[in-house]
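I opened the structure file today and kept notes as I went. The entries follow in the order of looking.

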Amino acid sequence: MNQEMKDFALDVEVLPGKVMEFTHEGAKTKLFLRVLAGKNYYSFDQVAWKKLPALGVNEALVSNSEMYKVFRGYKPSGLNKGGAGSLITQMPGKVVKLYKKEGDKVSIGETVLILEAMKMENEIKAGADGIIKSVNIKEGQALEAGFLMVEIEEKGE
Amino acid sequence: MKGKRVLIINRGEIAIRVAKALNELGLVSVGVWTDNETEPPHLEYCQEWVHLSGNNNKETYLDIPKIMKLIEDFKIDGVHPGYGFLSENREFSEALAKKGITFIGPNPTAVYKMGAKDISKQIAKEAGVPVVPGSVGEVATVEEAIQIGNEIGFPILLKAVAGGGGKGMRPCANESEVRANFAAVQREALSSFGYAALLVEKYILNPHHIEVQILADKKGNVFHVFERECSIQRRHQKIIEEAPSPFIGTDEVTRKAICETAVKCARAVNYDSAGTVEFIMGHDKQFYFLEMNTRIQVEHPITEEITGVDLLANMIKAAFGEPLDFKSQEDIKIQGHAIELRICAEDPITMLPAPGKIVGFETTFPQGIRFDHCIYPKFAITPDFDPMIGKLIAKGFNREVALRKIRNAVDGLIIDGIKTNIALHKVILDEESFKNGQYSTSYIGTVKPQEKVAIKEDIKAFMLKVAAIEVNQMGGIK
């Protein structure tokens with residue numbers, strides 16, 4: 001397999017809510033993912049769905065007659081695990097109360113919102129000192145597991 | 001026959017197919033694994049697994065003494081060779097016969113007679129089977145070549161006696177072309193093969209490769225299971241096959257003639273197993289004997305699909321002296337149409353083998369698709385073995401339906417991590433000349449569907465691959 005490998009510029013960012021966002025030559029494309037009967041499915045529009053092969057990690061992408069290097073330029077930003085500054089739903093729930101808005105200062109342990117899940121109210125607390133970078137939810141909104149609710153921009157080390 | 005222990009001395013999809021038939025018939029399927037393929041998928045279907053030590057085919061699937069030792073050690077009653085490897089090896093079938101082991105294939109004499117090209121042609125001729133007309137022996141002068149040309153009809157092919165691989169061969173449409181080319185071909189023959197002698201043969205322009213499936217038992221019954229057309233070839237290897245032949249079409253006279261001729265060939269060598277008689281057919285529907293393959297063939301499933309005859313099971317029954325599933329030729333009928341695509345680990349444009357490791361494999365097929373394969377995620381295709389990894393087969397009520405189904409099926413076949421000829425198959429299936437069934441063995445060379453394969457897949461295809469890798473890294477979609 002002495003074949004010249006080509007580079008292919010395609011950035012991927014894993015967003016909360018089973019979404020991946022690709023950037024290729026400046027254009028962004030969203031890819032939605034779902035699991036059905038133990039198989040992975042994808043959709044570009046959430047209407048038409050097709051099977052996603054269970055690919056292992058290989059060093060090359062193979063196209064019809066060319067091979068492309070899998071660059072490691074993209075990094076998983078966590079559907080299942082976020083950084084300390086990302087507040088992600090661990091189970092499906094409903095937003096009961098939102099205490100903070102974008103630009104607010106927070107400190108570790110401070111309650112940011114209350115999420116009702118499994119008939120219990122849970123105080124969701126900031127995992128880091130910093131400033132609220134984005135709020136992706138509204139009060140009363142029902143959320144699936146893995147949804148990124150609030151992002152906190154951490155203060156410098 | 002029940003309970004007999006049968007060693008499958010093969011691998012890949014055909015080993016799976018054989019094991020399925022053995023299990024179904026109540027025999028014990030014994031599979032082998034080798035040191036250069038320690039996790040072969042065919043073992044999944046085998047009831048017993050034995051180790052055939054060695055790192056290359058010469059030390060394993062082709063090592064007759066070693067295989068004979070296995071047969072003794074594991075009390076084997078019969079051997080199925082599949083295709084390739086020792087399937088048409090007279091020495092092997094004789095060694096088995098000496099030990100009283102059943103070889104699931106024809107008797108050694110039939111293998112020998114049909115194995116040698118010159119002998120098989122002679123036998124065919126004697127049996128009254130047409131062979132490509134031409135000179136008897138070497139042709140020394142231009143005048144002699146022209147005289148033969150006038151006898152058998154132009155165009156003719158000037159061919160080096162020692163020729164091969166397309167070298168030292170030139171077609172001539174008439175007398176003046178023979179005069180112009182004779183000396184040149186002689187020179188070419190001398191420089192390429194060191195021997196200037198020439199042969200003259202009738203040149204069949206854009207021929208069709210049509211073969212007839214034979215099924216015979218040990219009691220002297222010889223049946224044909226109709227024909228297959230295998231004209232889509234590259235490097236003289238088939239990649240798409242159909243049954244029945246779209247070229248013969250509704251011409252039942254030709255169909256009957258070619259099928260009965262094949263039976264005649266098989267009878268001439270006392271054939272007693274599954275086998276195939278290959279012919280080339282010109283545009284005038286004249287056909288000539290090419291060779292007989294004394295084994296089960298890769299493309300046997302399309303015949304099974306259109307006739308309902310289980311070729312493997314009947315081949316096994318015949319070998320053990322059991323009656324076949326049917327009694328007369330009239331029991332075998334064509335119903336519908338079947339198309340097979342050979343799925344190979346190869347570059348779809350250059351058509352050269354491209355080994356690698358499969359990392360993703362998914363299928364979403366329409367109703368009634370058959371996929372004989374040995375693919376699983378993480379399956380490594382090594383240069384040690386043939387790059388064919390599966391056969392996608394669609395059967396339809398008629399050719400139109402079969403085409404529709406196979407086109408949809410190939411869309412639903414996803415193999416990732418290696419190059420495959422799937423993209424080439426899609427191009428061919430979309431070609432008008434294929435769809436209307438008007439193609440010959442020169443199809444790949446003249447229509448050049450490989451040039452229409454898009455090199456780069458669209459950006460979305462890449463996104464999916466990256467997404468799949470990402471999902472894998474995360475341990476699934478959460």
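Into which domains is chain B divided? I find domain 1 (5–104), domain 2 (142–202) and domain 3 (208–452); the bounds come from an automatic or database domain assignment.

Before going on, I note that this is a predicted model, in which local features need pLDDT of at least 70, side-chain atom pairs count only at pLDDT 80 or more, and totals for chains, interfaces and linings use all residues. Residues are numbered from 1 along each chain as its sequence is written, while chains are lettered from A and ligands numbered from 1 in the order in which they are written.

**Entry: domains 1 and 3 of chain B**

I took the centres of domain 1 and domain 3 of chain B over C-alpha atoms and got a separation of 24 Å. Their contact takes 24 residues from domain 1 of chain B and 23 residues from domain 3 of chain B; two residues are in contact if their C-beta atoms, placed from the backbone, lie within 7 Å. On the domain 1 side, helix H1 (12–24) and strand E5 (102–103) of chain B each supply at least two residues. H1(B) has the largest share of that side, eight residues. I sorted the domain 1 side by class and counted 10 nonpolar, nine polar and five charged residues. In this scheme Ala, Val, Leu, Ile, Met, Phe, Trp, Tyr, Cys and Pro count as nonpolar, Asp, Glu, Lys and Arg as charged, and the others, Gly among them, as polar.

**Entry: Ser433(B)**

I looked up Ser433(B) and found it in helix H13 (residues 432–435) of chain B. Helices (H or I, at least four residues) and strands (E, at least two) are DSSP runs, numbered from the N terminus. Neighbours within four places in sequence aside, Ser433(B) touches Gln438(B), Tyr439(B) and Val447(B).

**Entry: chain A, strands**

Chain A has zero helices and 16 strands. I traced one open sheet of five strands in the order E2-E3-E4-E5-E6 (chain A), with antiparallel pairing; strands pair if DSSP finds at least two bridges between them. E2 and E6 of chain A are its edge strands, each pairing on one side only. E2(A) and E3(A) are joined by five bridges in the antiparallel sense, and Leu15(A) stands opposite Val19(A) in E3(A). Of the 157 residues in chain A, 27% are buried.

**Entry: chain A against chain B**

I count 35 residues from chain A and 41 residues from chain B in the contact. E4(A) gives the most to the chain A side, with five residues. That side has 21 nonpolar, 10 polar and four charged residues.

**Entry: confidence**

Chain A averages a pLDDT of 76, and 73% of its residues score at least 70; pLDDT is the predictor's confidence in each residue, from 0 to 100. In chain A, confidence is lowest in strand E1 (residues 5–6), at a mean of 66, and highest in E4(A), at 91. Over residues 72–82 of chain A, pLDDT stays under 50, and the model has 22 contacts beyond four places in sequence for them. Where pLDDT is low, the predicted coordinates should not be read in detail.

How values were computed
Buried ≥ 20, exposed ≤ 12 C-beta atoms within 10 Å, placed from the backbone.
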